[in-house]
Amino acid sequence: MEAVVFVFSLLDCCALIFLSVYFIITLSDLECDYINARSCCSKLNKWVIPELIGHTVVTVLMLVSLHWFIFLLNLPVATWNVYRMILALIND
């Protein structure tokens with residue numbers, strides 16, 4: 001069971017790293033005026049929920065599988081993403 005948890009966690013973290021690189025590339029395109037702000041926001045906003053789900057799933061999975069240290073490492077990022085989503089929902 002632990003191998004499955006860690007393989008899934010590895011794949012999820014690879015997807016999250018790819019998503020972070022995509023965010024950085026898109027924001028650098030915005031900075032260089034290759035795209036406008038509206039298209040940048042439309043490109044990035046559709047990936048916010050999958051990022052939130054990815055971090056939260058890994059965090060909960062580590063909690064359920066009793067890997068406390070890894071859970072505590074993932075907890076601040078998952079908490080920040082949930083906080084950011086709550087603020088976005090309140091401001092809309």
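Which residues does His67 touch, not counting residues up to four places away in sequence? This is a predicted model, in which local features need pLDDT of at least 70 and side-chain atom pairs count only at pLDDT 80 or more, while totals for chains, interfaces and linings use all residues. Residues are numbered from 1 along each chain as its sequence is written, and side-chain values use heavy atoms, with hydrogens and water left out.

With contact taken as heavy atoms within 4.5 Å, His67 touches Glu2, Phe6 and Met62, once residues up to four places away in sequence are set aside. His67 lies in the loop between α3 and α4, where helices are DSSP runs of H or I with at least four residues, numbered from the N terminus. At 15% relative accessibility His67 counts as buried, given that buried means under 20% relative accessible area, exposed over 50% and partly exposed in between, with a 1.4 Å probe and protein chains only.

The pairing of the helices α1 (residues 2-31) and α2 (residues 37-45) comes next: their axes come within 10 Å and cross at roughly 175 degrees, which makes α1 roughly antiparallel to α2. Here the axes are lines fitted to C-alpha atoms, for helices over the stretch in contact, with angles from 0 to 180 degrees between N-to-C directions, and angles over 145 degrees count as roughly antiparallel. Tyr22, Phe23, Thr26, Leu27 and Leu30 of α1 meet Ala37, Cys40, Lys43 and Leu44 of α2. Also in helix α1 is Ser20, which is partly exposed at 36% relative accessibility.

Side chains of opposite charge can pair when their charged atoms come close. A search of the whole structure finds 1 salt bridge, that is, a side-chain nitrogen of Lys or Arg within 4 Å of a carboxyl oxygen of Asp or Glu. The side chains of Glu51 and Arg84 meet in it at 3.1 Å, N to O, and the pair links distant parts of the chain, with Glu51 in helix α3 (residues 48-64) and Arg84 in helix α4, 33 residues apart. Glu51 is buried at 12% relative accessibility, whereas Arg84 is partly exposed at 35%.

On the surface, Trp80, Val82, Tyr83, Ile86, Leu87 and Ile90 form a nonpolar patch with about 600 Å² of accessible area together. Such a patch joins nonpolar side chains (Val, Leu, Ile, Met, Phe, Trp, Tyr) within 5 Å, from residues with over 30% relative accessible area and no salt bridge, and accessible areas come from the Shrake-Rupley method with a 1.4 Å probe. Ile90 belongs to helix α4 (residues 68-91), and its relative accessible area of 60% makes Ile90 exposed.

Key. Patches are made of residues with over 30% relative accessible area and no salt bridge: like charges are joined within 9 Å, nonpolar side chains (Val, Leu, Ile, Met, Phe, Trp, Tyr) within 5 Å. Helices (H or I, at least four residues) and strands (E, at least two) are DSSP runs, numbered from the N terminus. Angles under 35 degrees count as roughly parallel, over 145 as roughly antiparallel, 65 to 115 as roughly perpendicular and the rest as oblique.
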